[in-house]
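My entries follow the order in which I looked things up.

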Amino acid sequence: MNETWEVLTLRGLSATDERAEEFTGTLVIHREGQREPVETIRIRVKRSILSELHTTLGRLLSRSIGFRRGLQ
């Protein structure tokens with residue numbers, strides 16, 4: 001069975017200090033096409049993946065129509 005999940009939000013991403021190498025938070029997701037149930041999953045994320053996501057998402061958003069830096 002192939003399921004597709006939609007990411008709704010990432011809540012409370014935080015670290016113990018500004019030099020932390022790991023961050024914790026809660027990922028909120030739900031099955032695509034379903035109103036409920038919403039699932040919440042406690043996650044731990046390494047700084048390296050956050051940096052990679054920052055770069056990748058930045059490139060994606062800068063190429064997408066509708067995104068203009070500094071405008072909201």
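I began at the hairpin of β2 and β3, where G33 takes a positive phi near 85°. This hairpin has 6 residues between its strands. I noted that the model is predicted, so I read that angle as a computed value.

β2 and β3 run antiparallel and share 9 bridges. I placed β3 at residues 38–46.

Which strand does β2, residues 22–31, meet through 7 bridges? I found β1, residues 5–14, and this pairing is antiparallel too. Here I picked out E6, which stands opposite H30 in β2.

I stepped back to the whole chain. I counted 3 strands and 1 helix.

I looked at burial next. The chain has 72 residues, and 11% of them count as buried. I took down the accessible surface as well: about 6,400 Å². Carbon and sulfur atoms hold 52% of that surface.

My last entry is on contact range. I took the contacts between residues at least 6 apart in sequence. Of these, 29% join residues at least 24 apart.

Conventions:
Residues are numbered from 1 along each chain as its sequence is written. This is a predicted model: local features need pLDDT of at least 70, side-chain atom pairs count only at pLDDT 80 or more; totals for chains, interfaces and linings use all residues. Side-chain values use heavy atoms; hydrogens and water are left out. Helices (H or I, at least four residues) and strands (E, at least two) are DSSP runs, numbered from the N terminus. Buried means under 20% relative accessible area, exposed over 50%, partly exposed in between (1.4 Å probe, protein chains only). Contact means heavy atoms within 4.5 Å. Accessible areas come from the Shrake-Rupley method with a 1.4 Å probe; for residues, only the protein chains shown count as cover. Two strands pair if DSSP finds at least two bridges between them.
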